[in-house]
Amino acid sequence: MVKVSSLKANKIKKAAFKKRAFFLSSVKSKGSMALEGSLVLPLFLFFIITVLLSLEAVRFQSDVQEAMHQTGNQYTFAGYLVKYADEPLPDVQSQIKDYLGSQLHPYLCVAGGESGVQIQDLSTVNEDGRVEFIAEYQLKPFASWIPIGNIVIRDRFLGHAFTGYTGLETQGDRQQEIYVYITKTGSKYHLSYDCNYLKVQVQAVDYESVFSLRNRSGEKYHACLRCKPQKDGVVYITADGNRYHGQSDCSSLKRMVYMIPLSEADGYGACSKCAG
């Protein structure tokens, strides 16, 4: 007699085989994912840290440029004191370092920290008024074993000291030139820029009454071609002009004032208020 295995037994064996194959495949898949994760995570962290280091380098460079700009402005305005009052110039290095040290977490990306920032003062104020600073420093990687090479940044400030007229010059018995203020249509010169006669006196009137008014020269008022006032409400006039305006800040209401030497003010009389 020959025994033949039943169909039910075969089905059970096949099911067990498939379950075992699925388990082995699942274990293999999880192991592959773990291996990929162990490779990708360090690369991701490396990328993030590199980006953060780049942002820190940009922030520090901005701080250096701002420190040099502030110091340079003080240096340029102190130039006249060097020329006329024999006073010493400010210490460039200490001022720049003080500004950088006042920032939050300074020198994080600089090799050598504070001592790694080298500042050169190449100014020649006493000779030609030139103001020039150079700040040089090297960036450091977050890991010393990364072969990125030496990244050296060089920032520069270039300006010119103020060495013009300050009132401290001595020219013996020679009298200093006097400057006066005039207007394009005026006939008087003024010693003070704040003289009331240099300011435009604007008067607000009703539109209906503007046609019965006359300016100082006896002329009628006509509509301004710039602001094109409406034919109702309030309009604005001046005693010397011959136009009425719909806006109190119309550009035609602004008076151009010129400053010229008194020696060139031929034909102008002295203002009775500020130069009389």
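Predicted model: local features only at pLDDT ≥ 70, side-chain atom pairs only at ≥ 80, totals over all residues.
Trainee: How many residues has the largest nonpolar core?

Mentor: A nonpolar core is built from buried residues joined through side-chain atoms. Here the largest one has 23 residues. Phe-60 and Tyr-137 have the most contacts inside this core.

Trainee: Which helices and strands each supply at least two residues of this core?

Mentor: Two helices and two strands qualify: α1 (7-77), α3 (92-101), β2 (130-139) and β3 (151-160). Helix α1 gives the most, with 6 residues.

Trainee: What lies apart from this core?

Mentor: Another core, of 10 residues. Val-180, Tyr-181, Ile-182 and Ile-260 are among its members.

Trainee: Now the charged pairs. How many salt bridges does the structure hold?

Mentor: For a salt bridge, look for a side-chain nitrogen of Lys or Arg within 4 Å of a carboxyl oxygen of Asp or Glu. The structure holds 5 salt bridges. Start with Arg-59 and Glu-56, whose side chains meet at 2.5 Å, N to O.

Trainee: Where do Arg-59 and Glu-56 sit in relation to each other?

Mentor: Both are in helix α1, 3 residues apart, so about one helical turn separates them.

Trainee: Is Glu-56 buried or exposed?

Mentor: Check the relative accessible area against the cut-off: buried means under 20%. Glu-56 is at 16%, so it counts as buried. Arg-59 is partly exposed, at 27%.

Trainee: Which side chains meet that of Glu-132 in salt bridges?

Mentor: One is Arg-130, at 3.1 Å, N to O. Another is Arg-156, at 2.9 Å, N to O. The pair of Glu-132 and Arg-156 links distant parts of the chain. Glu-132 is in strand β2 and Arg-156 in strand β3, 24 residues apart.

Trainee: Which residues do salt bridges with shared partners join into one network?

Mentor: Glu-56, Arg-59 and Asp-63.

Trainee: Back to Glu-132. What is its relative accessible area?

Mentor: Glu-132 has 9%, so it is buried. Arg-130 is partly exposed, at 31%. Arg-156 counts as exposed, at 51%. The cut-off for exposed is over 50%.

Methods. Residues numbered from 1 in each chain as written. Heavy atoms only, no water. Core = buried A, V, L, I, M, F, W, Y, C linked by side-chain atoms within 4.5 Å. Buried < 20%, exposed > 50% of the residue type's maximum accessible area, 1.4 Å probe, protein only. Helix = DSSP H or I, 4+ residues; strand = E, 2+ residues; numbered from the N terminus.
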